Amino acid sequence: MVGVVSDDQKIPLLRPYKMGKFNLSHRVVLAPLTRSRSYGNIPQSHAILYYSQRTTKGGLLISEATGVSNTAQGYPRTPGIWNKEQVQAWKPIVKAVHEKGGIFICQLWHVGRVSSTGYQPNGEAPISSTDKAIPPQTHHDGTVEEYSKPRRLRANEIPQIIKDFRLAAKNAIEAGFDGVEIHAAHGYLLEQFMKDGPNDRTDKYGGSLENRCRFVLEIVEQVAREIGSDRVGVRLSPFSNLMECGDSDPDALGLHMVRALDQFGLLYCHITEPRMTFKEGKLELPHRLHEMRRAYQGTFITASGYDREEGNRVVEDGYTDLVAYGRLFLANPDLPRRFELNAPLNKYHRTTFYTPDPVLGYTDYPFLP
């Protein structure tokens with residue numbers, strides 16, 4: 001038919017993909033993005049518009065990081081999903097995404113020591129794999145964030161954290177989400193256990209690579225039992241050093257984790273790789289995930305500052321199945337269409353990423369005419 005573009009004529013990012021039981025119409029994923037607009041840790045009605053703006057029929061969206069308990073918080077105005085009020089508040093947001101044909105995954109997190117006593121119940125110390133504090137961190141705007149000295153989790157307390165993730169996953173399904181993503185990346189609690197930089201334990205959760213990864217794999221197992229492995233994804237960042245959370249052998253860590261996760265039959269594995277660098281004015285991909293990609297048989301998602309050209313290339317080359325876009329999707333609610341037309345992109349406004357305003361820098365980015 002005249003004017004109809006067949007799937008094999010589409011750019012790689014816009015070709016359909018079968019992810020488990022979900023039929024995706026394209027490979028452009030909304031990455032999980034903290035937006036700090038959930039007052040009192042309760043999702044707000046303005047999130048209905050924000051997420052629905054970025055929804056396409058058959059498009060995959062991953063929610064902002066969502067706390068699994070009242071000890072999971074470390075940032076202002078981030079949502080939770082540990083109580084009934086939060087579950088009810090998520091329902092109309094999820095409904096709006098589904099009404100436009102989107103697939104919506106809830107990212108579950110616990111920040112661990114990336115917190116302070118002011119965020120913790122009764123002003124208690126944050127929990128972690130260690131009692132080592134994170135040094136003060138200077139942000140891009142020059143402000144300095146200070147973190148409280150954490151309390152090392154005792155081994156007999158770990159089952160409760162696992163239960164928190166399991167209940168949060170159950171709550172997410174009750175709220176209508178299509179699945180959950182376990183946030184085991186970017187310096188937060190699960191990564192504090194996985195990486196040998198912060199993990200100085202001598203019990204069964206410390207020392208060897210297998211021991212350090214035990215906690216997150218126990219969570220994955222219990223969450224999969226609760227809601228089904230075909231509703232569970234995991235996010236990893238083996239190469240990240242965020243929040244003083246690095247590892248001496250990130251390649252070995254990443255490969256061990258994807259091999260272990262592959263046994264569960266999960267919905268997907270989502271990995272952020274080292275930040276791309278600019279060389280002679282062009283983005284240069286580190287290409288550090290080849291071995292992990294080969295070791296993982298299920299759906300593979302990658303993220304790390306991709307643009308349209310590089311995203312098309314990695315999908316075409318089979319380096320990944322899907323590409324998650326963060327800042328570009330934040331600033332371009334119609335990103336898949338802009339990629340289709342190779343249209344100019346809105347520039348994102350970094351200063352409004354985490355402001356409490358329900359419109360500014362949130363739902364006011366323009367669409368193409």
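## Exercises on aromatic pairs, a cavity and a parallel sheet

The count of aromatic pairs in this model comes to 14, where rings of Phe, Tyr and Trp (its six-membered ring) pair if their centres lie within 6.5 Å. The model is predicted, so local features need pLDDT of at least 70 and side-chain atom pairs count only at pLDDT 80 or more, while totals for chains, interfaces and linings use all residues. Residues are numbered from 1 along each chain as its sequence is written, and side-chain values use heavy atoms, with hydrogens and water left out.

### Exercise 1

Classify the ring pair Tyr75 and Trp109, and state which parts of the chain the pair ties together.

*Solution.* Step 1: planes under 30 degrees apart count as stacked, over 60 as edge-to-face and the rest as tilted. Step 2: the ring centres of Tyr75 and Trp109 are 5.7 Å apart and their planes stand at 15°, so the pair is stacked. Step 3: Tyr75 belongs to the loop between strand 5 (66-67) and helix 2, and Trp109 to strand 6 (residues 103-109), so the pair ties together parts that are 34 residues apart in sequence. Helices (H or I, at least four residues) and strands (E, at least two) are DSSP runs, numbered from the N terminus. Step 4: buried means under 20% relative accessible area, exposed over 50%, and partly exposed in between (1.4 Å probe, protein chains only). Tyr75, at 22%, is partly exposed, whereas Trp109, at 2%, is buried.

### Exercise 2

Classify the ring pair Phe104 and Phe177, and name the aromatic cluster that contains both residues.

*Solution.* Step 1: the centres of the Phe104 and Phe177 rings are 4.8 Å apart with planes at 55°, so the pair is tilted. Step 2: Phe104 is in strand 6 and Phe177 in the loop between helix 3 (158-175) and strand 11 (179-184), so parts 73 residues apart in sequence are tied together. Step 3: Phe104 and Phe177 are both buried. Step 4: one aromatic cluster is formed by Tyr50, Tyr51, Trp90, Phe104, Phe177 and Tyr362.

### Exercise 3

Describe the largest cavity by its volume and its lining.

*Solution.* Step 1: on a 1 Å grid over the protein atoms alone, a cavity is a set of points where a 1.4 Å probe fits but cannot get out, and lining residues have an atom within 4 Å of a point. Grid points are joined across faces, edges and corners, and a volume is the space filled by probe spheres set on the points. Step 2: the count is one cavity of 30 Å³ or more, and the largest cavity has a volume of about 50 Å³. Step 3: its lining consists of Arg35, Arg37, Ser38, Pro43, Gln44, His46, Ala47, Tyr51, Glu64, Trp90, Ile93 and Tyr362. Step 4: helix 1 (46-53) and helix 2 (84-99) each supply at least two lining residues, and helix 1 gives the most, with three. Step 5: Ala, Val, Leu, Ile, Met, Phe, Trp, Tyr, Cys and Pro count as nonpolar, Asp, Glu, Lys and Arg as charged, and the others, Gly among them, as polar. The lining then has six nonpolar, three polar and three charged residues.

### Exercise 4

Describe the surroundings of strand 13 and its bridge partners.

*Solution.* Step 1: five of the five residues of strand 13 (residues 268-272) are buried, so the strand is largely enclosed by the rest of the structure. Step 2: Tyr268, His270 and Thr272 point one way from strand 13, and Cys269 and Ile271 the other way. Step 3: two strands pair if DSSP finds at least two bridges between them. Strand 12 (232-236) and strand 13 pair in the parallel sense over four bridges, with Cys269 as the bridge partner of Val234. Step 4: strand 13 also pairs in the parallel sense with strand 16 (residues 300-303), over four bridges, and there Phe300 is the bridge partner of Cys269. Step 5: strand 12, helix 6 and strand 13 make a right-handed β-α-β unit; a crossover is right-handed if, with the strands pointing away from the viewer, the path from the first strand over the helix to the second runs clockwise.

### Exercise 5

Technical notes. 1 Å grid on protein atoms, 1.4 Å probe; cavity = no way out; pocket = protein on both sides within 12 Å on 5 of 7 lines; lining within 4 Å.
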